[in-house]
Amino acid sequence: LSLNDQELKRKAKAHDEIAHDVKQAAVLGAGIMGGGIAYQSAVKGTPILMKDIREEAIQLGLNEASKLLGNRVEKGRLTPAKMAEALNAIRPTLSYGDFANVDIVVEAVVENPKVKQAVLAEVEGQVKDDAILASNTSTISINLLAKALKRPENFVGMHFFNPVHMMPLVEVIRGEKSSEVAVATTVAYAKKMGKNPIVVNDCPGFLVNRVLFPYFGGFAKLVSAGVDFVRIDKVMEKFGWPMGPAYLMDVVGIDTGHHGRDVMAEGFPDRMKDERRSAVDALYEANRLGQKNGKGFYAYETDKRGKPKKVADASVLDVLKPIVFEQREVTDEDIINWMMVPLCLETVRCLEDGIVETAAEADMGLVYGIGFPPFRGGALRYIDSIGVAEFVALADQYADLGPLYHPTAKLREMAKNGQRFFN
Ligand SMILES: NC(=O)c1ccc[n+]([C@@H]2O[C@H](COP(=O)([O-])OP(=O)(O)OC[C@H]3O[C@@H](n4cnc5c(N)ncnc54)[C@H](O)[C@@H]3O)[C@@H](O)[C@H]2O)c1
């Protein structure tokens, strides 16, 4: 991990030479992500304008920032004077009045390509010619969004993870037309915000979500095979994940998961499209959206500290009944393999497709972005630890589960030649 982290830092530093200094930033959208981005920028010393179209959204964004800053003061990690300074560094606005001076705009409005294209084209007309525009989209192709712009060379993806102040990763997505200066400036700004940026190339889901959805695909297959999701969560938590897949889906939001799955299925229909209804479809249709509306795979109560607490809820079993197509007996080891093989193989495909440049970056993206069990090093290190040939043989045992479980020709070649991802 330490060696991989050094490689990340070295690669990020290589961008310093051409990066422009970001003295003033702006964020569009004051929602969960926009509010978090404004807080993180301000607390790390870059003033930021926070624009929304709704007054109440701005108030919520500011409240969230002041709550986070208050927590830091309580823990003695920030003086009240510094808190006031950080709050003053977030300038809320409903108009583009002061946008002529911004060096970078992070777009964090709703996940809808038409809305994003309209907002990006609008803001492009308000900023100086060399200002960088960066979208925080989770899944939408950067090349598609770039089509709405007159200066696509100034446009990149800047994908933060939720909650922004906690998650160390930022994926910087290089579109076909993004300039090296735009990439470098965004990398430098992410570093200034205290994050670990990784530059990836464009595709649906980029690196992290592209790899995460096949993992959820394995989960969907298990639930449809009659395996109890609470057991799956326990097995995967014991394996080292901070939370099991059902709980994670509840935290992400069943609607977000549902929508993201559709985008991924359209991008990679050969392996990510599934005609059968899945557990997430069933929950979505039953309006069980997860933590956000109190019911998903689990039910959520509020604990004494005002935080959501997960409790078992038997009523979900009726919702899931129609999507259980068979009753398979599986061992705990099967559960791990049904989940981990698709995740690992998709990471291999991302490396082979050049979405990510090195094995170290791919692995660290998963550790920093989705909490891949750190002591296992990442998906590619995990394959190495099993042995590439042994991993291919393992995947072949699950071949009947579909193309997500089929090793690439290149991986078979590596197995034959005794190659590894890390030497
Ligand atoms: N929530 C997550 O876990 C997460 C993680 C990574 C990335 N993202 C991405 O971040 C983006 C924002 O997601 P969110 O969860 O913060 O959404 P959200 O619904 O909480 O916030 C979106 C905000 O955008 C505002 N908005 C809509 N149109 C606008 C416009 N024209 N100008 C300015 N503001 C406008 C809305 O009023 C709202 O306050 C999405 O693209 C999403 O995919 C979300």
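This is a predicted model: local features need pLDDT of at least 70, side-chain atom pairs count only at pLDDT 80 or more; totals for chains, interfaces and linings use all residues.
A pocket here is an open set of points on a 1 Å grid over the protein atoms alone, where a 1.4 Å probe fits, with protein on both sides within 12 Å along at least five of seven lines; lining residues have an atom within 4 Å of a point.

Of the 32 lining residues, Gly217, Arg261, Met272, Lys273 and Asp274 are the closest to the centre. Helices H8 (208–224), H11 (254–267), H12 (269–272) and H13 (279–285) each give two or more residues to the lining, and H8 gives the largest share, eight residues. Helices (H or I, at least four residues) and strands (E, at least two) are DSSP runs.

| Class in the lining | Residues |
|---|---|
| Nonpolar (Ala, Val, Leu, Ile, Met, Phe, Trp, Tyr, Cys, Pro) | 15 residues |
| Polar (the others, Gly among them) | five residues |

Eight strands form an open sheet of mixed pairing, in the order S3-S2-S1-S4-S5-S6-S7-S8. Strands S3 (90–93) and S8 (196–201) stand at the edges with a single partner strand each, so one side of each has no neighbour in the sheet. Two strands pair if DSSP finds at least two bridges between them. S1 (25–28) and S2 (48–51) pair in the parallel sense over four bridges, and Leu28 has Lys51 in S2 as its bridge partner.

Residues are numbered from 1 along each chain as its sequence is written. Local features need pLDDT of at least 70, side-chain atom pairs count only at pLDDT 80 or more, totals for chains, interfaces and linings use all residues, and side-chain values use heavy atoms, without hydrogens and water.
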